[in-house]
Amino acid sequence: MAERDPGGDTRGRRGGAGTGGAGARTPGADVPSADVAITELYAAHWTGLVRLAWLLLRDDLAAEEVVQDAFIAVHRRWDSLRSHESAAAYLRRAVVNGARSGLRHRGVEERYLTREQGEPTAYARRTEVSAEDRALDAEATSSMVTALGRLPQRQREVLTMRYYLDLSEAEIADALGISAGSVKAHAHRGLAALRDRMETSS
Amino acid sequence: MSDRTEFLHPDFEPGEFDRIERELRRSLTQESGRMRPTDRLDTILHEAHRAGPVTATGGTGMRRWLAPAAAAAVVAAIAGGVWLSNQDPTATPGPPAGSPSATVPAPTATGPSATDQPTTAPTQTSSPTTSPNSGPGVVMTFPAYFVGPVGGSTPTYKLFREFIRQEVAADPTPADKVTVALTLAMNAQPYSNTDGYLQPWSGTTVTAATVANDVIEVRLSGPGAEGFTPEVQRLAVQQLVWTAEAAVGRGPLPVRFEIEGGATKLFGSISTDQSFTRPSADESWKDLAPIWVTAPSRDQVLPSASPVTVKGEASVFEATVGWELTRGTTSVKTGNAMATIGAPSRGTYSFSLGTLAPGTYTVKVYEASAKDGSIAAEDSVTFTVK
């Protein structure tokens with residue numbers, strides 16, 4: 001009983017790694033399989049991207065679906081993407097585009113804005129009233145988020161990606177398919193509009 | 001902050017937007033915290049494999065043609081929550097841990113606890129704000145492992161497996177399944193009188209579970225009950241490991257434990273600073289009881305018109321098991337059967353009892369000691385013929 005069968009160990013480990021068949025398709029030995037890559041990307045970006053999509057879409061399920069589709073697309077293209085950087089960039093483009101078409105097709109933007117205007121403290125579903133929410137911050141957040149929601153789409157996207165995800169100008173430009181100069185301009189106009197609205201409202 | 005001045009138009013003073021930037025950053029962080037994404041990694045991997053890779057030429061990969069079958073399987077799994085493999089925890093010997101939905105002992109067979117157990121809403125911990133799965137729940141069958149006596153004269157304990165049906169919220173995540181399965185496995189009380197299963201986790205609950213690609217993490221409310229031998233303590237941990245791995249269904253994933261309140265030793269003696277897994281197939285005898293009866297299942301009702309087949313797993317000397325069928329206190333039949341492979345490997349066995357007159361029977365399958373012919377290990381199941 002003291003002997004360990006090394007074959008048994010290997011079998012066990014391979015079974016547990018969860019590296020599916022997609023890995024076998026990848027030629028380079030140092031490129032992780034699609035399953036492994038997606039799992040790592042998921043750990044790093046899932047929550048942030050879903051919340052980004054949610055900030056843009058204001059719809060829980062739609063936000064998750066947009067980001068899920070983006071991850072599936074990356075998995076299916078992993079053989080050509082082959083690096084986390086290019087995959088992350090692909091994810092951001094796919095999420096922004098997905099959120100836009102979601103807005104176009106469902107008109108959720110209008111519904112959200114209408115709701116926010118009529119009742120400033122009403123949030124989308126699955127929001128919980130916690131102790132922090134009742135703090136003074138909540139009011140400021142609410143009006144800031146409402147003001148952000150009234151900005152033109154591009155400005156809203158740029159500001160959300162910049163100040164929520166902390167993306168660089170170049171990353172935002174890539175995700176939105178616009179120039180770095182345009183990113184600068186949208187950011188500036190957006191911030192100016194927010195400042196004006198916050199000053200007016202307070 | 002200088003790293004954000006890149007955003008400022010040259011016409012404006014640096015710092016002009018400092019306040020609004022700070023405010024916006026704080027607001028977005030606070031606002032986004034309201035949205036709690038649910039776990040969709042499994043769905044993503046499933047869907048991606050179903051669709052297959054996109055090839056360099058832009059077309060979809062060769063797996064495309066497989067999609068309908070796979071899709072049907074996924075739909076079946078989601079809609080039904082169970083795959084009926086009908087009373088045949090099939091020919092797969094060895095690692096007996098299928099995914100929870102893989103096997104249903106029989107439509108009529110429920111663990112004694114399946115219905116009368118308080119539904120302790122086990123899913124509430126793993127995803128508190130899970131998406132509006134407002135649809136009806138599904139009934140899934142979970143393999144749950146218990147520490148029980150293997151029989152024989154010396155008190156030796158190993159793991160036994162029970163299939164327990166439990167209603168869960170629709171479309172449970174792997175973490176949900178782990179939580180439910182562990183909650184079932186930690187409640188041995190329904191079996192303790194009939195089967196002598198120990199209750200090392202009495203008073204302990206699962207407070208959270210997460211499933212990543214390469215690890216299952218389980219948070220327990222306490223370190224476990226007191227008064228068990230080191231070997232039983234080890235088995236009690238392995239009981240949870242086998243159950244959690246089976247619930248996830250992705251092979252021997254390492255399992256890590258954390259104890260609420262900062263304790264770092266399960267049962268006060270087993271450090272949580274390590275990961276646990278089930279032993280490889282050829283060493284499963286370390287954990288699993290030498291003999292399991294897997295069919296008929298507990299309290300199953302069988303038609304008198306058909307012969308009754310007994311199946312199970314065994315890791316026994318020279319692959320030989322004996323069996324005895326009793327009705328009440330009367331011995332009805334006895335015999336021997338061969339497992340597919342002998343100890344230390346774990347094989348499967350199967351034998352027929354023929355057609356039986358209506359009544360309630362117990363079949364005992366045992367290993368006779370090579371030394372003196374006494375019973376070294378046994379398992380038995382009671383069923384009814386109508």
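Two residues are in contact if their C-beta atoms, placed from the backbone, lie within 7 Å. The model is predicted: local features need pLDDT of at least 70, side-chain atom pairs count only at pLDDT 80 or more, and totals for chains, interfaces and linings use all residues. Residues are numbered from 1 along each chain as its sequence is written, while chains are lettered from A and ligands numbered from 1 in the order in which they are written.

**Cores**
- A nonpolar core is a set of buried Ala, Val, Leu, Ile, Met, Phe, Trp, Tyr and Cys residues joined through C-beta atoms within 7 Å.
- Buried means that 20 or more other C-beta atoms lie within 10 Å of a residue's own; exposed means 12 or fewer, and partly exposed is in between.
- The largest nonpolar core has 75 residues, and Phe146(B), Val178(B), Ala181(B), Val218(B) and Ala244(B) have the most contacts inside it.
- Helix H7 of chain B, residues 230-248, gives the most to this core, with 10 residues.
- Val218(B) touches Val178(B), Leu182(B), Val206(B), Ala209(B), Leu240(B), Ala244(B), Val255(B) and Phe257(B), not counting residues up to four places away in sequence.
- A second, separate core of 60 residues includes Val95(A), Ala175(A), Phe17(B) and Ala48(B).

**Helix H7 and chain B**
- Chain B has 7 helices and 15 strands, taken as DSSP runs numbered from the N terminus (helices H or I, at least four residues; strands E, at least two).
- Of the 19 residues of H7(B), 16 are buried, so this helix is largely enclosed by the rest of the structure.
- Just after H7(B), Gly249(B) has a positive phi of about 75 degrees.
- Of the 386 residues of chain B, 41% count as buried.
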